Amino acid sequence: MSFLAAAPGFAIAILVLPVCCGLLATILPAFGYMPALGGNTWSLGPFEELLAMPGIGRSAGLSLFSALITTLISVTLVAFFVGGWRGTRSFARMQQFLSPLLSVPHAAAAFGLAFMIAPSGFLMRLFSPWATGLDRPPDWLILNDPLGLAMIAGLVIKEVPFLLLVTLAALPQTKAGQFDRLTQSMGYGRLSGFLFVTWPQIYRQIRLAVFAVIAYASSVVDVAIILGPSTPSTLAVRLTEWMSDADLALRFVGSAGALLQLGLTLMALAIWLVLERFGRAVSHSLRAQGRRLARDGAVRWFAMVATALLALLVFSGLAVLALWSVAGFWAFPDLAPNALSFDTWNRASLSLGGPMANTLFIGGVATAVATLLALACLEREWRTGRTGGSRALWFIYLPLIVPQVSFVFGLKVFFLLIGWDATMAAMVLVHLVFVLPYVFLSLSDPWRAWDPRYASVAAGLGASPNRLFWRIRLPMLLKPALVALAVGFAVSVGQYLPTLLLGSGRISTITTEAVALSAGGDRRVIGVYAFLQMVLPFVVFVIAAAVPALLFRNRRAMGGQA
Amino acid sequence: MKTTQNSHFVVWARRARAFKLGLAIALGLSTASALASDKAPNPADWASVEKAAKGQTVYFNAWGGAPNINDYIAWAGRELKQRYGVTLEHVKLDDTAKAVATVVAEKTAGQDVGGKVDLIWINGENFASMKQQGLLFSPGWADQLPNWSFVDVENKPTITVDFTIPTEGLESPWGGAKMVFFHDTVRDTQKALGRLPNSTADLVEWAKVNPGRFSYPAPPNFIGSSFLKQVLLETVTDRSKLLQPVMESEFETVAAPLFDRLDALHPNLWRKGRAYPKNYPAMVQLMADGELEIIFAFNPAEASNAIAQNKLPDTVRSFTFSGGTLGNTHFVAIPYNASAKAGALVAANFLLSPEAQARKQDPTVWGDPTVLNMAKLNDDERAKFEALDLGIATLRPSELGPMLPEPHPSWMTAIEKEWTRRYGAGN
């Protein structure tokens, strides 16, 4: 009981303290104060310099624009796909096809996409030279286009599986099946019936995840470097460059940029709130007109084809990536390398042990602690009936909304002060900051939407609160709990910037190794590390999917169904 | 509801107090340890340095983007362990400035001893910046290393002057660099001009006939910046101006011919200059794909290296400009607060040894040019260098052409800024 009572305070400390300390150490230099670099006076100089940076408006605009477009496309596609195809056999097949995508780190997926769609990529090779007449790649601007379209595509391919997963987790808590029968009996189309009745209930549950997508997309660094524009880059990429520039005076501008990034992310969220209202109004007016929109075949097929293409593109991209990892010389427009060679793998295997062990340890501990804390908080909330309201929500939002680049550098200075730099404890703690919100996000909605009548029945039969938890609630919610665990682990594996900065190079993970080595741009090395980055979380997801199916193989309603 | 929040706050406040206490203890402890271990090794007394180094772990912060270089560093680590009992841990960076950032953060936090970085692979802007901020182990130690006696200070001025900044023994030379260009003999690169381009002015003309087949990484990538410096050195009327820090009043006039040449080149760049290759390895990939026809590197052995690793076809060859190309030296330096200074000194000395330098110059290992003077070596040591097969695509040292020294780092900063304003801001 005392653990339960302490859990919420403990969780809040983990979510809030590091962010605040890091922000503080960012705000001071943004206003000119950083004694080690000779900044002893307060001024608005860093902001003036920031605004004088060439193309800064365009960089900021790009971040905002791409975040909103990414989220809009992802949410719409997921809603239409789930609405149009839920309950069909092709849906179940697509779901199995898409869920492994969730465990693919953003950077690996982005590389896979690049290997497919570049002018020298696999798609062009498929059609060259027999159809295009080309024996050299055309000079087409597909990757790194100034509008950021390739970057948006790279983000959408990762956010769709994520949103689909949280949607599917939320779906059982609605009476979607009954609603479908009702709306269809009233003549509504499959899609319109879903969007009018079931979707608003789902959206309420997945809203936090959508906000996380916006914040992530507006401040992402790795995908933006791989696929995004460079003339100029997005704000997050530029401020990361300033923060690591040899000219130390740029640290001040970088800090000011980090605050601008924070403002931009908040602005993107504010604009999204307006878009939400707009969406509600459109839906309302369509409903009020009594439109049935029964002829939705084309839209449904479009959603299916788009989702399938997206998955196909990523999987073939990853396959090409794996092929590159064992490629000898591979010229354009050959469809396969002229020879296979395991040199890259052999070389990598010599130095993989340490990073692999670190990745497993940090991810394992952070995820276990996060899941335990989230379960304890939710259980306490259930027993006391106090949810903490919107203020508690803000605590969970905090590490997801405050962009990493805005506070991680400051956090490093802070850890140095207390002598925690480059310790496993600091590493687990900082991973926990990012893992806990995702675990909580994945877990809380299904948990809260759990039908309380089961509890009433159990209590009526004399079950204690503890027995209720262990015998009824946890088994019924084991699937979302394990999914939350797997999501948490994937988040931990994917952490780059915090791991690099707080590990001070002494604690390296698969991801820091991958990014350092892919700085060399060698497709073979990228192939090896992206493959490894992808396999670790994937294994955890497979376990998460297998355990409930195994445990409850004799209970249809708890095991196999979505 | 209200009470929950209050109790949250009480818990939080209690934790905050405990936290502050912890902070005070940690700070107190670090001051105490500062007094205990603040004994800098003296390189003049080399025996004592080797003794102190035994058992130390040296965290060597070096760019980790090239597997062959990583392997070479791993080899050096094994030798150091065996011969001197020094453990070398390679901290693989994607950007050297990250190591500078670590030292800055430590200085910010007052951690003047027991730092995380013991040795940095460094030169140019990063060195200038660390030297100016007082972040390096001083006074100068490099010229007191035993193996300094082999170093070619006579013929390689970039060993003692790094980007016009005197090294003053604050960094020890490791290898040389010189800009060379590559083309694939399968393609008729000579057709446009009747010969290979012999200057960046020629490149502009070549690109007019072959649009979309040449590019360079956008600055501040150092290969891209090096190309801009090459153009600067070719176009500037008075090269002596580049030895001094840039003066704002003159910058526009001095740099005007540079930007005129870039303006002429850019419409014919790959992707018309709307995107740039990320870095040197990306250019290699683009050449292998047939997108780029001429690329350049900062290490004369890179083409042979890339062929050996299946990254380029074996028909690629190197060329350079008769008027000279940019060259410099890269170094290792020790931060002022390094934990294992003695170990770092021993490592720096080993990297300078004829044995380690000859292995480094072997193109099947790395192919990085040595900083040693062949005349200062004994016959056995010289034979090791002479036995090296530099590879089919590598120019002999005599074919590399004159070396143009780096301008003062402030020029690069000014040029990068102006470049971004003109070409990198989406106009």
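Predicted model: local features only at pLDDT ≥ 70, side-chain atom pairs only at ≥ 80, totals over all residues.
The secondary structure of chain A comprises 24 helices and two strands. Its radius of gyration is 24 Å, close to the 24 Å that the globule rule gives for 562 residues, so chain A is as compact as a globular protein of that length. Along the principal axes, the C-alpha atoms of chain A occupy a box of roughly 70 × 65 × 50 Å. Of the 562 residues in chain A, 54% count as buried, and among the contacts in this chain with a separation of 6 or more, 80% are accounted for by residues 24 or more positions apart.

Two helix pairs within chain A are described here in turn. Helix H3 (residues 56–85) of chain A packs with helix H9 (residues 190–219) of chain A at an angle of about 150°, the two axes being 9 Å apart. Since angles over 145 degrees count as roughly antiparallel, H3(A) and H9(A) are therefore roughly antiparallel to each other, and their crossing is right-handed. On the side of H3(A), the contact involves A:Ser63, A:Leu64, A:Ser66, A:Ala67, A:Thr70, A:Thr71, A:Ser74, A:Val75, A:Ala79, A:Phe80, A:Gly83 and A:Gly84, which meet A:Arg190, A:Leu191, A:Phe194, A:Leu195, A:Trp199, A:Val210, A:Val213, A:Ile214, A:Ala217 and A:Ser218 in H9(A). By class, this contact has 13 nonpolar, eight polar and one charged residues.

In the second pair, helix H4 (residues 89–98) of chain A and helix H13 (residues 297–325) of chain A have axes that come within 10 Å and cross at roughly 30°, which makes H4(A) roughly parallel to H13(A). The crossing of H4(A) and H13(A) is left-handed. A:Ser90, A:Met94, A:Phe97 and A:Leu98 of H4(A) make the contact with A:Met304, A:Thr307, A:Ala308 and A:Ala311 of H13(A). The residues of this contact divide into six nonpolar, two polar and no charged.

Between the chains, 66 residues of chain B are in contact with 57 residues of chain A. On the side of chain B that touches chain A, at least two residues each are supplied by helices H1 (2–37), H3 (67–84), H4 (97–108), H5 (124–132), H9 (280–288) and H14 (409–423) of chain B, and likewise by strands E1 (57–63) and E2 (87–93) of chain B. This side of chain B has 27 nonpolar, 23 polar and 16 charged residues.

Methods:
Residues numbered from 1 in each chain as written. Chains lettered and ligands numbered in written order. Axes fitted to C-alpha atoms, helices over the stretch in contact; angles between N-to-C directions. Helix = DSSP H or I, 4+ residues; strand = E, 2+ residues; numbered from the N terminus. Parallel < 35°, antiparallel > 145°, perpendicular 65-115°, else oblique. Left-handed = near helix turned anticlockwise from the far one by under 90°. Contact = placed C-beta atoms within 7 Å. Nonpolar A, V, L, I, M, F, W, Y, C, P; charged D, E, K, R; others polar. Rg over C-alpha atoms; globule rule 2.2 N^0.38 Å. Buried ≥ 20, exposed ≤ 12 C-beta atoms within 10 Å, placed from the backbone.
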